[in-house]
Amino acid sequence: MLVLGPDLVIVAANDSYLNVTGRTREDLIGEYVFDAFPRNPAQPESTATRNLEASLHRVLCTGERDAMALQRYDIPVTDRAGGFEERYWSQINSPVRGRDGSVELIIHRVEDVTAFIRGSEGRAASEEGLGPRTENMDADLYIRARELQELNEWLRQAHARERETALTLQQSMLPACPPEAHPNAAVRYHPAVGSLNVCGDWYELTDLADGRIAVAVGDVVGQGLEAACVMGQLRSALSAATRAVNGPARAMDVLGRYARFVDGALAATAVQVVIDPAAHTVEYSCAGHPPPLLLQAGGAVDVLDQATDPPLGARAEEIPRPQASVGYAAGDTLVLYTDGLIERREEDIDVGLNRLSESLARHCGLKPEPMADALLGDLGVTGGGPAADDTALVVIGL
């Protein structure tokens, strides 16, 4: 076993690894792993080093364990300059996460099966007339392992193509929000890191005829193309309902009824606020979504959680959705977001909500654009750590 840093520099090695490779800790600690074990120049067609590098980078990007198929390696022989020895290794690369969710270390576990693949046991058994059969089984195992490696790589490429298609579709359906149309608004959308983790997060800004502005964010359960398509339907439906009915509660009620007839929309969440600049009020209604936050110019943060309801399509009975209203002063800031901003594994979501509130208070006085970037940085969305979920963020200067 090796322990690698995120720069793939070796920081620890156990005795078994040293025994198998014939190295000392002084030989390995502090070395870039591919400098310590370079490719054999006499075997340019070997893909083992490239496969290992791809596996390690997948762990860094996704934060998930990556198991590799059986690989043949040629490792340097310590007592023969320029010499290499053929080895067969089965490997698993596992992440060690930090408090912010980013990968701080990689555990590179190796099982050396060289003796088995070379048929040493088969040669011992050949004296009893069983050798050829055993050696054929060894060779077949190696061939099947290589076929599995190729199939896994094909699946990864297919998943990457689907992710790219879903991401393109999702981004094409989200409003651009140009500065000239909404100079006091900043929007951010960050897709999750992972082959299929493009989800159904969305946002919508709607200018109403009487000068009010409706702002909404939502989240569709699921991943990939299906979630992106459902997201587009719900966003368009809410945009139409907002122009046809009065108030966020009625608009969310229409959206909830519509969601019951859209495959994949069950348990989607959304929240909408309607900002009235003349009255200096914010009306809001929430369907199973994290609450908006109102940052006062003095630094206090109000959680707008007085109009919460179950997710869209979650109940069959026709019950009007709740609506609440709060006043605001010039210089206040309104923030809407999806759960990817505050939700973390093995952590209560209230912890993330408090973290966001503290970040808001700390950056009080910033304009929406730098405020949005500061929030994403503080919450770890743009800090290089793997994001398990999409994140949509809307910051409105009032």
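Start by selecting strand β17: T391, L393, V395 and G397 point one way, A392, V394 and I396 point the other way, and all are buried (under 20% relative accessible area with a 1.4 Å probe, protein chains only; exposed is over 50%, partly exposed in between). Strands are DSSP runs of E with at least two residues, helices runs of H or I with at least four, numbered from the N terminus. This is a predicted model, in which local features need pLDDT of at least 70 and side-chain atom pairs pLDDT 80 or more, while totals for chains, interfaces and linings use all residues. Residues are numbered from 1 along each chain as its sequence is written, and side-chain values use heavy atoms, without hydrogens and water.

Because seven of the seven residues of β17 (391-397) are buried, the strand is largely enclosed by the rest of the structure.

H190 has T391 as its bridge partner.

Move to the largest nonpolar core, which has 24 residues (buried Ala, Val, Leu, Ile, Met, Phe, Trp, Tyr and Cys joined through side-chain atoms within 4.5 Å). Its residues with the most contacts inside it include L4, V33 and L56. Helix α4 gives the largest share, five residues. Apart from this core lies another of 23 residues, among them A185 and V215.

Finally, select C61, partly exposed at 42% relative accessibility, and C364, partly exposed at 29%. The structure holds zero disulfides (cysteine sulfur atoms within 2.5 Å).

How values were computed: Two strands pair if DSSP finds at least two bridges between them.
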